[in-house]
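Hi,

Here is the structure I promised to pass on. Have a look at it first, and my notes follow below.

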Amino acid sequence: MKLTVLLNLLLFCHVASTVKHSLKYFLTATSGVPNFPEFVVAAMVDEVLIGYYDSNIKTPELKQDWVRKLFKDEPQQLEWSSLQCFGLQPFFRDNLDSLKQRLNQTGGAHILQHMSGCEWDDETGEVVGFSQYGYDGEDFLVLDLQTLTFTAPKQQAFITKLRWDNDKARLEYDKHYLIHMCPDMLKKYLHYGRSFHQRTEHPSVSLLQKTPSSPVSCHATGFYPDRAMMFWRRDGEEIHEDVDHGEILPNHDGSFQMSVELNLSSVAPEDWRRYDCVFHLSGVVDDIVTRLDKAVIRTNWVPPAGFPAGLVIGVVVGLLLLLLAVCIAGLFIRRRNNNGFRPANRGQ
């Protein structure tokens, strides 16, 4: 069974005009998963990993220099974060064991996941808090901050919903944290990391193709911020037909990547030079333009099994010999013509 971490399941789509910032916590409790900690916590600001804890290392690890500076200036924040990790571990362990027992799951790998945090719009000031749980890769419970009740997408979550809905003190604390404490902490992170978050990084852009008949993917990686767009043009005009836009996705180093594919099945080879790929980063004047050129396309394609390389080489050599023979014959005929031979008279 593949372990799908909640971070990969709950990525948000990014748009070029976004001015929103986010603080997210991803918590994962596991049972029966080999070579993986029983409890993991990851904290992210604007999709950048800032802190990590698991039940093996037993102490939070700070992942960014500016986060280390914040906790050095405010050591009580690090102490609070450590206590949260220690306190939540038995809570998740107990709930995971309870779910397994209720669902008669005595063996196998099982995963309880939680994503919580807030999103803050630095132009409008709007704050959105969120808290949701997943079990074995499916939605389990979602907190509604308006009614302070949980929604249960699955029937097996209904008993847990009723029990948690009755814990009013915990619900009030969750609301206060998500609407007030979380955005305050997010703003503090953004203040300390402003040089990091306000930086501009240009990407490397490549043309990729799986097989000679596959669409050509224009891939940009390593750019920051995520306010970017990429598109294909023909003769300098943006095109939409036969084009497939991918999402903007985060890299492990805090930068981003994106791709846009172009289907060339109906394009003649001599017309490839009319196409180019354009990458535009918000706030940057000059775009990165990559002309469609077969010579620069990267591919890992190799001839399929059963199609021996020797045969390929033989065909190529045969074609070269045939071409050489044609050239020699043409030269011979030309010399014969120069020595007095004339083309046959085709007149009537």
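Leaving aside its neighbours within four places in sequence, which residues is glutamine 64 in contact with? They are Val48, Leu49, Ile50 and Phe196, where contact means heavy atoms within 4.5 Å. Glutamine 64 sits in the loop between β4 (61-62) and α2; helices (H or I, at least four residues) and strands (E, at least two) are DSSP runs, numbered from the N terminus. Glutamine 64 counts as buried because its relative accessibility is 16%. For that label, buried is under 20% relative accessible area, exposed is over 50%, and partly exposed is in between (1.4 Å probe, protein chains only).

Before you go further, some housekeeping. This is a predicted model, so local features need pLDDT of at least 70 and side-chain atom pairs count only at pLDDT 80 or more, while totals for chains, interfaces and linings use all residues. Residues are numbered from 1 along each chain as its sequence is written, and side-chain values use heavy atoms, with hydrogens and water left out.

**The chain overall**

The protein chain has seven helices and 17 strands. Of its 348 residues, 38% are buried. Among contacts with a separation of 6 or more, 55% are between residues 24 or more positions apart. The accessible surface is about 20800 Å², and carbon and sulfur atoms account for 55% of that surface. Those areas come from the Shrake-Rupley method with a 1.4 Å probe; for residues, only the protein chains shown count as cover.

**Disulfides**

There are two disulfides in the structure, a disulfide being a pair of cysteine sulfur atoms within 2.5 Å. Counting bonded cysteines along the chain, the pattern is 1-2, 3-4.

One of them joins cysteine 118 to cysteine 182, with the sulfur atoms 2.2 Å apart. Cysteine 118 belongs to strand β5 (residues 110-121) and cysteine 182 to helix α5 (residues 168-192), so this pair ties together parts that are 64 residues apart in sequence. The torsion about the S-S bond of cysteine 118 and cysteine 182 is about -85 degrees, which means the disulfide is left-handed. Both cysteine 118 and cysteine 182 are buried.

Cysteine 218 and cysteine 277 make a disulfide too, with 2.1 Å between their sulfur atoms. This pair links distant parts of the chain, with cysteine 218 in strand β10 (residues 216-223) and cysteine 277 in strand β16 (residues 275-281), 59 residues apart. The S-S torsion of cysteine 218 and cysteine 277 is about -90 degrees, so that disulfide is left-handed. Cysteine 218 is buried at a relative accessible area of 0%, and cysteine 277 is buried at 1%.

Cysteine 85 also counts as buried, at 10% relative accessibility.

**Pocket and cavity**

Everything is on a 1 Å grid over the protein atoms alone: a cavity is a set of points where a 1.4 Å probe fits but cannot get out, a pocket is an open set with protein on both sides within 12 Å along at least five of seven lines, and lining residues have an atom within 4 Å of a point. Grid points are joined across faces, edges and corners, and a volume is the space filled by probe spheres set on the points.

The largest pocket holds about 700 Å³ of space. Its lining has 34 residues, with Tyr25, Trp80, Gln84, Leu88 and Tyr177 nearest the centre. Helix α3 (residues 75-102) gives the largest share of that lining, nine residues. By type, the pocket lining has 24 nonpolar, seven polar and three charged residues. Here Ala, Val, Leu, Ile, Met, Phe, Trp, Tyr, Cys and Pro count as nonpolar, Asp, Glu, Lys and Arg as charged, and the others, Gly among them, as polar.

The structure has one cavity of 30 Å³ or more, and the volume of the largest cavity is about 50 Å³. Residues lining the largest cavity include Asn95, Arg102, Phe140 and Trp164. Again α3 supplies the largest share, four residues of the cavity lining, and the lining splits into four nonpolar, three polar and two charged.

**Leucine 70**

One more spot to look at: leucine 70, in helix α2 (residues 65-73). Leucine 70 counts as buried, with 0% relative accessibility. Leucine 70 and lysine 188 are 118 residues apart in sequence, yet 8.3 Å apart in space, C-alpha to C-alpha.

Cheers
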